[in-house]
Amino acid sequence: MFHSRLHSFSRLMISLTLAAGLAALAGGAMAEDKRQNAPGEFDFYVLSLSWSPSFCEEAAERGGRSQIQCSGRPYSFVVHGLWPQYENGFPEYCQRPSPRLNRSIVSSMLDLMPAPGLIFNEWDKHGTCSGLADRSYFETIRKARAAIKIPAEYLDLSQAKTVAPAEVEEAFIKANPGLGNAAVSITCNRTRLSEVRICLSKDLQFRACEEIDRRACRRDQVTMPPIRGG
């Protein structure tokens, strides 16, 4: 009888513990939902600069190419996007359906983001979370990009270059006074450098972002394919 009661008590305690855990999770979700995906409610931006030659080589391996980015004029670093972020996590698709993007804006951004599909996707997924109208959001992208100087050694890379991610990071820090290690990270795939991600405050000043840095490339060396035509 004693063991039976003890077993029942144990099962009751396990049930109560599970219930409390679920309630805590629900409470956490509700707390997050107060801000989750609310347009304009975020902490900082990430400006993501993609090394276009890596993107184009990967696209070719998959059997597809972006006609403008990979078959037009040669590109080095291009803007992947300007992403609103929380200190932990990020909002996305904050308006469904998203406001229709004016095609004149798309045309005006092709010098920085050389693929219409990318521009439409970035507006739908990230721009709608900025709290800005479409034209203002893309003007902010242009301002953010203008605030970043690309290191001279990557502007006209004519041959494939093997680099350490830390080397690329340091080159950007050297070229951009005020940019520190905690505000920039490098991403990669299996063998190639993919992106340089720079964290900016809402007024586009460099700022630290520990979570972004934790997702940085951990490889000792990666390849930067040459700029097409180089």
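Student: Why is C94 called buried?
Tutor: This is a predicted model, and the value is computed from it. The relative accessible area of C94 is 12%. Buried means under 20%. C94 is at 12%, so C94 counts as buried.

Student: What about C129: buried or exposed?
Tutor: C129 has a relative accessible area of 0%. The cut-off is under 20%, so C129 is buried.

Student: How do you know that C94 and C129 form a disulfide?
Tutor: Look at the sulfur atoms. They are 2.0 Å apart. The limit for a disulfide is 2.5 Å. The value lies within the limit, so the pair is joined.

Student: What makes this disulfide right-handed?
Tutor: The torsion about the S-S bond of C94 and C129 is about 95°, and the link is therefore called right-handed. The bond also ties together parts that are 35 residues apart in sequence, because C94 lies in the loop between β2 and α4 and C129 in the loop between α5 and α6.

Student: How many disulfides does the rule give?
Tutor: The count is 4. Number the bonded cysteines in sequence order, and the pairing reads 1-2, 3-4, 5-8, 6-7.

Student: How do you know that C56 and C70 are joined?
Tutor: Their sulfur atoms lie 2.0 Å apart. That is within 2.5 Å, so they form a disulfide. The angle about this S-S bond is -90°, and the link is left-handed. C56 sits in helix α2 and C70 in helix α3, 14 residues apart. Both cysteines, C56 and C70, are buried.

Student: What makes C199 and C209 a disulfide?
Tutor: Use the distance again. The sulfur atoms of C199 and C209 are 1.9 Å apart. The limit is 2.5 Å, so the pair qualifies. With 80° about the S-S bond, the link of C199 and C209 is right-handed. C199 belongs to strand β5, while C209 is in the loop between β5 and α8, 10 residues apart.

Student: Are C199 and C209 buried or exposed, and why?
Tutor: C199 has 0% relative accessible area. C209 has 3%. The cut-off is under 20%, so C199 is buried and C209 is buried too.

Student: Why is S201 called buried?
Tutor: S201 has a relative accessible area of 16%. The value must be under 20%, so S201 counts as buried. Its place is the loop between β5 and α8.

Student: How do you know that S201 and D203 make a polar contact?
Tutor: Their side chains come to 2.3 Å. Leaving aside neighbours within four places in sequence, S201 is in contact with F44, Y45 and R207.

Student: What puts R207 in the partly exposed class?
Tutor: R207 has 22% relative accessibility. Buried needs under 20% and exposed needs over 50%. R207 falls in between, so R207 is partly exposed.

Student: What makes R207 and E87 a salt bridge?
Tutor: The closest N and O atoms of R207 and E87 are 2.8 Å apart. The limit is 4 Å, so the pair qualifies.

Student: How do you know that E61 and R192 form a salt bridge?
Tutor: Their closest N and O atoms are 2.4 Å apart. That is within 4 Å, so they form a salt bridge. E61 is in helix α2 and R192 in the loop between β4 and β5, 131 residues apart.

Student: Which classes do E61 and R192 fall into, and why?
Tutor: E61 stands at 54%, over the 50% mark, so E61 is exposed. R192 stands at 9%, under the 20% mark, so R192 is buried.

Student: What makes E195 and R197 a salt bridge?
Tutor: The N to O distance is 2.8 Å. The limit is 4 Å, so the pair passes. Both E195 and R197 are buried.

Student: Which residues of α5 are buried, and how do you know how they are arranged around the axis?
Tutor: L118, I119, E122 and W123 are buried in α5. They cover an arc of only 130° around the axis, so they lie on the same side of α5. Their cover includes β2, α4 and α6.

Note on methods: Residues are numbered from 1 along each chain as its sequence is written. This is a predicted model: local features need pLDDT of at least 70, side-chain atom pairs count only at pLDDT 80 or more; totals for chains, interfaces and linings use all residues. Side-chain values use heavy atoms; hydrogens and water are left out. Helices (H or I, at least four residues) and strands (E, at least two) are DSSP runs, numbered from the N terminus. Buried means under 20% relative accessible area, exposed over 50%, partly exposed in between (1.4 Å probe, protein chains only). The arc is that of the directions from the helix axis to the C-beta atoms. Contact means heavy atoms within 4.5 Å. A polar contact is a pair of N or O atoms within 3.5 Å; within protein, one must be able to donate a hydrogen and the other to accept it, and residues adjacent in sequence count only if both atoms are side-chain atoms. A salt bridge is a side-chain nitrogen of Lys or Arg within 4 Å of a carboxyl oxygen of Asp or Glu.
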